[in-house]
Every structure is written in structure tokens, then in C-alpha cells.
Amino acid sequence: MAIMRPLAVLRHDLPASLVVFLVAVPLSLGIALASGAPVAAGLIAAVVGGVVAGALGGSALQVSGPAAGLTVIMAETISTFGWAVTCLITVAAGALQILLGLSRIARAALAISPAIVHGMLAGIGVTIVLGQLHVILGGKAQSSAVENVAELPGQIVAHHDSATVIGLLTIAILLIWPRLPKAVQRVPGPLAAIALATVASVAAGMTLPRVELPGDLLNVHLVPQLPDGGWGGFALAVVTIALIASVESLLSAVAVDRMHTGPRANLDRELVGQGAANMVSGALGGLPVTGVIVRSSTNVAAGAKTRVSAVLHGVWVLVFVVLLAGLIQNIPLAALAGLLVHVGAKLVNPGHMKTALRHGDLPVYLLTLAGVVVFDLLTGVLAGIGLALVLMLRRTVWSGIHVESDGDRHRVVVEGVLTFLSVPRLSKVLGAIPAGVPVRLELVVDYLDHAAFESLTTWQQAHERAGGTVDVDEVGHPWFGEGKAGRPTRSRFAASRAVPRWLAPWSDWQAVESVDIPAQQTRRGATEFHRRAAPLLRDTLSGLADGQKPRTLFITCGDSRIVPNLITTSGPGDLFTIRNIGNLVPPGQADPSMNASIEYAVGVLGVEEIVVCGHSGCGAMAALADGPPPGPLETWLRYAVPSARRSGPVTVDGARPAREGDRLALLNVLQQLDHLREYPQVAAAEAAGKLQLTGMYFDVGAAQVHLLEGDARSFRLAGAVVPEA
């Protein structure tokens, strides 16, 4: 990444760093308070997160510091081990993060479902709110969310003092601030709320708990210590903090990448930078550091361009707490509690719940949230992961099984993945079919395992012994047929790819059913349409029932290999199609049928394009080149004689076709476009810019569509031709 000029840094990064600094100070104090750590620990983490993680991390615009997402686990850790041992846990967690970053597995953390991450954050938010409400109401937060809920009614009805006034004032300012004029909002809301609440409390002479700082922050002695025992719990705490901090930082980095157009984050380097910051923060007596989306989004919105902004914000925090520590000690704890209630409530994002609901992951979100609130963060996350795996397994092995009956005939349709997990339900459905009746078993499956194959085979044999018939119809890979032939397909990766029946020729899929009588082929094809294509097209066709409005007139050969809707990826109502031998347009309106069709398409339907499509291997062009036999074909092909008289080469992707008939097919497309322009309505519409004429050539053997390139005598592969303005 190129280094920006100093002037550009001063212009963008310096102002952005000041804005982020103003947001970071009150948040750092509040998070330290909620974690039960010394208040100075939050400020130390803010400084180290800004300077170390900002300089070493892989995300240029991410800002790191103490995060609300770790308050619950930190409170539990401090309560269990004490502050000095917790500092050592932070150092060890940072070392583990560095190892994870060096092993280049950072992206693996992104495999965690967003529903789990958002549920975790919501659970943390609920826990923070439940605890800090007690502080606002003049009490003290309990040791667990459940106890906070149990004690909350009594706390609400109890006597409330000035702490409640300050806490509610802080929340009110935070809620009102986004609605104020833009000029006022240049001051960050958290800073304004804490400042105004502090001034109000001092001016009113309120006596209430305030922030306590050591006399000299530069001489803080919080040396990490080894635990006296409980090494298993110590190791678990290290792993837990390392994983949660890593996931939160990586997800934040990905979110920041979506906010700007600069260089993308190197997630492995970001993890190393976060680990280094945690080692330094823990060694100095600070809280764990993570990437923080609140500060990072503020950094991007303020116009930061490089990592200099994050580093400078850490410097400003250090300067502030050293020079203005006295001001910090005037801040009421109730004001910080109000700030945390607001932050915690924002972590419960209704938009995330709606997204989880749309994706079918709401149970995962709610279970994770409940687990974090009722038990602890690790339990909630593990519960969410467990449920996500169960839902994934269910979706992966899902199979739809249903029966349709028409008198004595039964049709059983099985869709999806058919494995041993579906055998009980499959057996129940098949067992309910009366003995001796004809059954059509339609298998539209992505995978069929041994247990399901045996279940189907056993049922089929038993049903046929009882006098019934079973007609097996497999759409897609013949899993069941291959198994009965003694060569079962073991993996879906080994299964042959099947073309949908409404695109594949009869000869491919009806041969399996030994359908070789033309009338039966048509009847079988129509039946297949009713079963599979009609349900998909019914809504489209119902909208076309009272009229058509195609945009293209498509003139092509009657050759059975040319399927206009297939090669143009179009459907009902898109193409008004005219087919004849050799895709000819008789000049001078010589043919009444063609004349009527063109007049109707252009004059009545108002098509915007006319396509003339020739193709390789055209029998009409071969006959024209060799001289057609006397009879109707010779009479019709007289309209193609001008094509044979055209001079000059026409190419396909820069080369002339090897066969004379194919070269003539290209010339014929050009000639028929000229014939079209002899029709008055076509000429008038083209001159008015309301109609475009397009030449097309379909290479049957290569399955490639080529388009005439402007006025040139060259056809280019579709997608390589730049459309005319």
C-alpha cells in the first residue's frame, strides 16, 4: 500500500483521529466499569489498542480498544481469578491470537454463523443493560443476569436519588442527540452526554459515586501474576478470551471493509496485530483489546484514509488522561452506566433478528442470546454452534416425500437428499400405499445412500409380489437404477450432470422408459410438462392469457436442432417466432405469409428487434450450394439465390468456416437482413430508431451463439459484441 503524503494525512487522518478519540474516552471508562476492572484499565486498553493494533494490524481503518462484547466474560474472569491473574490471561490470550494469525486460519473464524455472532452481541447487550440499570437506580449490579432480573423489581420500587436523575439524563441526551442539527452532531453523542451529565451533577452539588483514578496514571503498577491453582480454568479463560476477541475483531474488520473502497483487510495480519496489542495491554494492566465497530465506523465516517488515524487516536487518549485526569474523576458512575445501557440496547439490533428470521436462523439467534444471558458467553456461543450444526444437518439431509392418488393409481414423489435419516418417514409413506395398486415412483434426488436404496428395493419387491406394479422414474442421475444394476454411485460428485427434461431431447430421457412410438413420445412429453414445467410457468402464462407483447421477432430455420428460446434464454411471451426452410425473408413482400407476419409483428405488436438466425449444418444452404433438386424446395430456395451471389468473405470470430454450406449460411443472414429493409414498415421503424435488425449464427456442434458485429462482415461470440448505442 502506497504511503500517503504528510499533507494528506493531516487533511484526513488528523481530524478523524480527534473525532474517534472523543468517542473512545467515555466508552473505555464505561466498559471498564461494566467489567469490574480498574477504570484505568479501560484507558490503557484504548491507548494500546489504538497505537499497537493500529500500527501492526491488517485493517487500515479499523480502530481497536476495550469492547462491550467482552464485558461479561471479563467480569466473570476477574471475579474468579482477581485482576492481576486476569492481566496474565490477557497476555496469554494475545500470544494465542498471534499463533492463530501466523497459522493463517483467520478466515476460518468467518465460518461462524452471523446469527450466532449477532445473538452473542444481543445477549451481551441484554446482560449489560440488566446490570447497569441497577447502577442507574442507585443500587449495585448483581453477579449474574438472572440475579439482576430477580432484584430489578425491588430496585425499581425503591427510593431513587440523584444517581437516577443523572443516569436518565445521560440516556435522554443520547437518544435526542441524533435528532439535533448536523452542526451540533459534530460533537460525538457519547462525549456530549457524559460532559453535560457531569456538568449538571457538579453544578447541582450532587453527592454520588464518581470515577476514581490513581494519583499518577504513569506509575500504575499492575504486574500480571500467575494463579495459585486452577490451571484448567485458567487455560479455558485464555482460549475463551482469545477466540471471542478474535472473532469480534475479524467480523468487525470485514464490516469495515464494506464501508470504504480502500485496501481490503489482511485478516491474518489483523489477528497478529490484535494479539500483540493484547499482550502489551495485559502486561501494562489493561483490558483485552478487540476491533470495535463503533469506533471503526466513526473513523470511516470522519474521513480517515490510513492507519495513522487509529494510531493518533490512541496518542490523544494518552495525552488526555495524563493531563486531564482531574476532569475524569468528576464523571458520575451513573452517567457511565447510562451510556452503557444505551450501548447495550443498541447491541440488540431488530434488523439482525429480521435477517435471521428470513434465513431461517432465528432459533440459533435466540438460543445464543438466551445462553449468554442465563449462563455465560461461552455456553451461549457453544449452544448456538450446536443448534446451527443440527439445522445444517437437517437441511443437508432433507427429503420431500409426498403421495398423490388418482383412483387406484398412486404417484410417489421423493425430492432432495434421501439417506438413512429419511428411511423411517419413507417407509411410513410407502407402507400406507394399498397392496396390488399401480405405483409411479418419481425420484428427484441429489443423493441416495445404501440404506435408502435397500428400503426402496425391499418395498418394490414386496409390492410387486403382492400383485402391484412399480414404475420408477428418475429425474437427474439414475441413483436407484445404477444401484439395481450393481454399480451404485457412491458420491454425489461422481453423479452425472443431467439436463432438465424440458431442455433435453426426448431421445435422452425417454429411451430409459423404452418409449419409441412417436405418439407415445408426444404424449409422454406433454405429461412431463404438466408434472414439472407447468407448475413453474403457470404464473407467467396466466399473465399472458389475454394477450402478448413480445419485444423480438425471431426468424430462423425449421431445423429441429434450433430451439430459439433455449439459445436466447427466453421464455413464453418473449419471442414472436417465424420458422421456415433456410430462415428466408422473400424480397419485395413476395410471400403473403411472411408479409403478414412481419406486418403484424412490427405494426401491431411493436417489436423492437428483428433477429435473423442462421446455423451450421443447414440442409437448405447445403442444397443451395450443390444445386437443389427440382420441386418445391427449388422453388422456395429461389429467395436464397441472392445470398449465393454475394461476394466477399464473412468470418466467425475472425475465421471462415470450412464447409461451403456454413459459409453460405453466413452470407444468407446478411442477405435476409437486406430483404427485411425492403419492407416499408421495417424500413420506417428502423429509420425512426424504433427497430433494430440483428444477425445471428448458431454453431450447433459447439453450442455457441454468434452475433453480427455492427456493419462489419464478421460474427463474434455473444458477449464479445459491444451493443450499439
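The volume I quote is the space filled by probe spheres set on the points. I also keep in mind that this is a predicted model.

I looked up the largest pocket and got a volume of about 1500 Å³. I count 46 lining residues from the list, and the closest to the centre are M259, I293, V294, R295 and S297.

Which helix gives the largest share of the lining? I find α12, with 6 residues. Other elements supply at least two residues each, among them α1 (6-35), α5 (114-136), α10 (231-257) and α15 (333-347). By residue class I note 30 nonpolar, 11 polar and 5 charged in this lining.

**Entry: the cavity**

How many cavities of 30 Å³ or more does the structure hold? I get 1. The largest cavity contains about 30 Å³ of space. Its lining is I31, S35, P66, A67, L70, T71, M74, L287 and P288. The elements giving two or more residues to that lining are α1 and α3 (71-81). I sort the cavity lining into 7 nonpolar and 2 polar residues, with no charged ones.

**Entry: the sheet**

Next I traced an open sheet of 7 strands, in the order β8-β7-β9-β11-β12-β13-β10, and the pairing is mixed. Why is one side of β8 and of β10 left without a neighbour? β8 (575-580) and β10 (651-652) stand at the edges with a single partner strand each, so one side of each has no neighbour in the sheet.

I then checked individual pairs. β7 (residues 552-557) runs parallel to β9 (residues 609-615), joined by 5 bridges, and F554 has V611 as its bridge partner in β9. Helix α25 (residues 592-605) lies across β7, β8 and β9, at about 170° to β8.

**Entry: two hairpins**

β11 (residues 692-699) and β12 (residues 704-708) are antiparallel over 4 bridges; I see M696 partnered with L707 in β12. Their hairpin has 4 residues between the strands, and A703 takes a positive phi near 55° there.

β12 also pairs with β13 (residues 714-717), antiparallel over 3 bridges. On that side, the bridge partner of L707 is R716. This hairpin has 5 residues between its strands, and I note G710 in the turn with a positive phi of about 55°.

Definitions and conventions. Residues numbered from 1 in each chain as written. Predicted model: local features only at pLDDT ≥ 70, side-chain atom pairs only at ≥ 80, totals over all residues. Heavy atoms only, no water. Pairing = 2+ DSSP bridges. Contact = heavy atoms within 4.5 Å. Axes fitted to C-alpha atoms, helices over the stretch in contact; angles between N-to-C directions. 1 Å grid on protein atoms, 1.4 Å probe; cavity = no way out; pocket = protein on both sides within 12 Å on 5 of 7 lines; lining within 4 Å. Nonpolar A, V, L, I, M, F, W, Y, C, P; charged D, E, K, R; others polar.
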